[in-house]
Amino acid sequence: MSENNELTGPEAAARVKVVEDIDFTMLTTADADGHLVSRPMSTREMDENGDIWFFTSDDTKKVDEVEADHDVGLSYLDAKGMRFVSVAGTARVVHDRAKMEQLYTSSLDIWFEDGLDTPGIALLKVTPRETEFWEPAHGKLVMAAGMLKALVTRDTPDDTMRHGKISR
């Protein structure tokens, strides 16, 4: 790790796997007018290539938006652990029955009435281009103490968060 708490390479890549532990993300797409639109999505997996997978339906606005403009953003927040991940990537709709069988769980039945036989069920695959994360550099308690000290002394907190970046 460098002097400024920046992580890169395999150590950063291992930290980004936290997206599998944070169930929901906000997926941001651009609508037909070019406005950014976000909605919650449940992450199914980050695979060995770093691609992030979600279930969706073909007849949704997000699918229309992804097909018109493949650029998307994902924002993850683990408030309890004070961990944050931002992903800028490209998305595409995938109809791969074997992959769906691998990723599907009964918790998705609320959205897909007939399970994997629901008409129009699909996967959304996001391939990250730039991924950044922030996490406590020395644990949550040390971070909280540093922030409290900064409030009292009116100084900027030092060394409270570790930052990492991965570019593909």
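The largest pocket is lined by 17 residues. Nearest its centre lie Pro40, Met41, Ser42, Phe55 and Trp111. The pocket holds about 370 Å³ of space. The model is a predicted one.

**The largest pocket**

- Strands E3 and E5 each give at least two residues to the lining of the largest pocket.
- E5 supplies the largest share of that lining, with four residues.
- Nine residues of the lining are nonpolar, five are polar and three are charged.
- E3 spans residues 36-42 and E5 spans residues 52-57.

**Helix H2: two sides**

- Helix H2 runs over residues 61-68.
- Its buried residues are Lys62, Val63, Glu65 and Val66. These cover an arc of only 160° around the axis, so they sit on the same side of H2.
- In an α-helix there are 3.6 residues a turn, so residues three or four places apart point the same way.
- Lys61, Glu67 and Ala68 are exposed, on the other side of H2.

**Ala68, on the exposed side of H2**

- Ala68 belongs to helix H2.
- Its relative accessible area is 69%, over the 50% cut-off, so Ala68 counts as exposed.
- Ala68 and Ala30 are 38 residues apart along the chain, yet their C-alpha atoms are separated by 8.7 Å.

**Thr29, in strand E2**

- Thr29 is part of strand E2, which covers residues 24-30.
- Thr29 counts as buried because its relative accessibility is 1%, and the limit for buried is under 20%.
- The Thr29 side chain makes a polar contact with the side chain of Arg39, at 2.9 Å.
- Setting aside neighbours within four places in sequence, Thr29 is in contact with His35, Leu36, Val37, Arg39, Glu65, Val66 and Val72.
- Two of those partners, Glu65 and Val66, are among the buried residues of H2.

**Val37, in strand E3**

- Val37 lies in E3.
- Val37 has a relative accessibility of 25%, so it counts as partly exposed.
- Leaving out neighbours within four places in sequence, Val37 is in contact with Leu27, Thr28, Thr29, Asp31 and Glu65.
- Glu65 is in contact with Val37, and Glu65 is also in contact with Thr29.
- Val37 and Lys61 are 24 residues apart in sequence, and 10.0 Å lies between their C-alpha atoms.
- Lys61 is one of the exposed residues of H2.

**Leu116, in a loop**

- Leu116 sits in the loop between helix H3 (97-103) and E8.
- With a relative accessibility of 18%, Leu116 counts as buried.
- Not counting residues up to four places away in sequence, Leu116 touches Phe55, Arg97, Met100, Glu101, Tyr104 and Ile121.
- One of these, Phe55, is among the residues that lie nearest the centre of the largest pocket.
- Leu116 and Thr105 are eleven residues apart in sequence, and their C-alpha atoms are 9.7 Å apart.

Methods. Residues are numbered from 1 along each chain as its sequence is written. This is a predicted model: local features need pLDDT of at least 70, side-chain atom pairs count only at pLDDT 80 or more; totals for chains, interfaces and linings use all residues. Side-chain values use heavy atoms; hydrogens and water are left out. Buried means under 20% relative accessible area, exposed over 50%, partly exposed in between (1.4 Å probe, protein chains only). A polar contact is a pair of N or O atoms within 3.5 Å; within protein, one must be able to donate a hydrogen and the other to accept it, and residues adjacent in sequence count only if both atoms are side-chain atoms. Contact means heavy atoms within 4.5 Å. The arc is that of the directions from the helix axis to the C-beta atoms. On a 1 Å grid over the protein atoms alone, a cavity is a set of points where a 1.4 Å probe fits but cannot get out, and a pocket is an open set with protein on both sides within 12 Å along at least five of seven lines; lining residues have an atom within 4 Å of a point. Grid points are joined across faces, edges and corners, and a volume is the space filled by probe spheres set on the points. Ala, Val, Leu, Ile, Met, Phe, Trp, Tyr, Cys and Pro count as nonpolar, Asp, Glu, Lys and Arg as charged, and the others, Gly among them, as polar.
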